[in-house]
Amino acid sequence: MDRLFKRSNFAKVNYLNKMWDFVIDPDDIGIEKEWFNNFPENTRKMIVPSCWNMEIDLFRYTGTAWYQTTFETASPNVYINFEAVQNEADVYLDGKHLGNHYGGFLQFGYEVNGLDSGVHTLTVRVNNTLNETDTYPLPRVDWFNYGGIARGVYVRELGESWINDYKISYEFENGLKDVSLSVEADIKTFNKKNENFEIYVNDEKVYSTPLFVDGEGHINADIKLSDVKLWGIYKPELYYIRLVYGNEDIIERIGFREIKTRGKDILLNGEKIKILGVNRHEEHPDWGFSMPFNLIKKDIDILRNLNANAIRTSHYPNSHKTADYCDEIGMLFWSEIPAWNRKVEAMANPLAVERALSMEKEMIIEHFHHPSIIFWGMHNECATDTPEGYEVTEKMVKLAKSLDSSRLITYASNKVKPDANREMCFALADVVSVNHYIGWYFPAEDGDWNEFMDSYKEVLEDCDSYDKPFLLTEFGFAALPGVNAFESSRWTEDYQADALEFTLNQILNHEHISGGYIWQMCDARSDPDFEISRPRGCNNKGILDQYRHPKRAYRTVQKIYGEHIGIDLPHYETHIYRYTKNSKMEKKF
């Protein structure tokens, strides 16, 4: 419910974003000791939402911890919603187990009926332990596995009826001029109800029908809209859809746009686009995964100032507010689950497959209505050169297409050597996406990007994918902030800027490459196991440092991206100001 736009005119919501009682459980004895009924006395306070690794004495803590708070309700029926818990949660209400949820970064919740009016106790057991086979992510990922209730929690009081679920989809007619809007909704009642089900588009009623519901009901409405305004890059036209049943409603926000491929091109609303992208971790050294919206907004504003038009989430679903803001400013978005660098055993494990499909389904359903999301990413640098990898990828692609036919399906491969580790799964994807670090992990003398594309042609042809769009989804160079030298050498800001300039000028002018995503926006905290090869404990390939201060490469990329979209740089101005006697700021130069 905590979004950038109003979600309901009627809902009564109690936000539990506050201080909770908190205790770590390193020996994992809480269930045996029934802490859900008898919470320990030696607790501390922990803000929700937050990551416990931001506490000064829990910087490296991985394991189990418990949270507890209370809330008050006058309604016997409530829905308790968690926007993200890292990585596994068991939820208890007044000592009763409501359920278990696996998968960080994803929303989940529980409907509870028959509550007494008054105060109730909510207890959550959280575990962020990783293993080598079935967890998401695996140990030794190139980011930090923060633990905790990382996003908000709220309790919604339910009236006599409520809209339990809904899906708003559309198809274009008459070219891209008109749409046929389809609204599916499930209604639940606690007493028999006979009310009008109504649909409003931008506050205009466009549909109304009587609907009798006894317990559960379903509606499927089709509506024609003419002369719609399209959502696009820099011109993000948005529509508000309000669903009403009796005295209950839900408001969703959508945009009408068409994303498809034609041969080697990606088309947005029928026009060829070039992806000018950046990979971004939704992480901050002071906040972990629990970034407040002002910092999220600043991140995306920095990328818009870079002249980027696309963000790839690295490597997990971002918050709704992130996607909301991308919807509002016209920034293209790629979302994926945290399936990173999984070998055969970790990819094909039955529980791992079950969890991957469950997380993928939750991601697509939760973020379905964001127009900015144009790519669903299945996984990153996994065992797609094996029959087991093919089988899992095929299941994931089929599931994605069954849930959403309006977006492009892809995944990022690092199988870049034509004579070894041969990629097998590109035929399953709509867009070929490859991670390759020429000039960093692969010496520059191995060849430039034109030579790489020529050598990779055979792999693409074997996968029946040569005539598909091709994206470079990771390429980049590490630089330590403030490190410069008389020679452009590794780890200097000079080398990073020069290498990115060379790389971007090649890939953005290559006829077969539809663009790419620089690795990465900001330096980000890495897993402790990587510290021996990660100076400062960070992946240092950011074009900004971890506190969002620009490195030299930022201006280099800004200029190249700006030239590509026709902006003459510098388009920003730096002024020196002085104070006047009346304390007003006045431009000096």
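**Notebook: cores, rings and cavities**

I looked up the largest nonpolar core, which has 83 residues, and found that Leu306, Phe452, Phe470, Leu504 and Tyr561 touch the most other members. A nonpolar core is a set of buried Ala, Val, Leu, Ile, Met, Phe, Trp, Tyr and Cys residues joined through side-chain atoms within 4.5 Å. Buried means under 20% relative accessible area, exposed over 50%, and partly exposed in between (1.4 Å probe, protein chains only). I noted a second, separate core of 28 residues, with Trp20, Leu58, Ala65 and Tyr110 among them.

The model is predicted: local features need pLDDT of at least 70, side-chain atom pairs count only at pLDDT 80 or more, and totals for chains, interfaces and linings use all residues. Residues are numbered from 1 along each chain as its sequence is written, and side-chain values use heavy atoms, with hydrogens and water left out.

Next I looked up aromatic pairs and found 36 in the structure. Rings of Phe, Tyr and Trp (its six-membered ring) pair if their centres lie within 6.5 Å; planes under 30 degrees apart are stacked, over 60 edge-to-face, the rest tilted. Tyr437 and Tyr441 are an edge-to-face pair, with 5.2 Å centre to centre and 70 degrees between the planes. Tyr437 is buried because its relative accessibility is 7%, while Tyr441 is partly exposed at 44%.

I then checked for charges over rings (NZ of Lys or CZ of Arg within 6 Å of the ring centre and within 35 degrees of the ring normal). Arg140 lies over the face of Phe530, 4.6 Å from the ring centre. Arg407 lies over Phe368 in this way, at 5.6 Å.

Last, I looked up the lining of the largest cavity, and Tyr136, Arg342 and His379 are among the residues there. A cavity is a set of points on a 1 Å grid over the protein atoms alone where a 1.4 Å probe fits but cannot get out; lining residues have an atom within 4 Å of a point.

Note on methods
1 Å grid on protein atoms, 1.4 Å probe; cavity = no way out; pocket = protein on both sides within 12 Å on 5 of 7 lines; lining within 4 Å.
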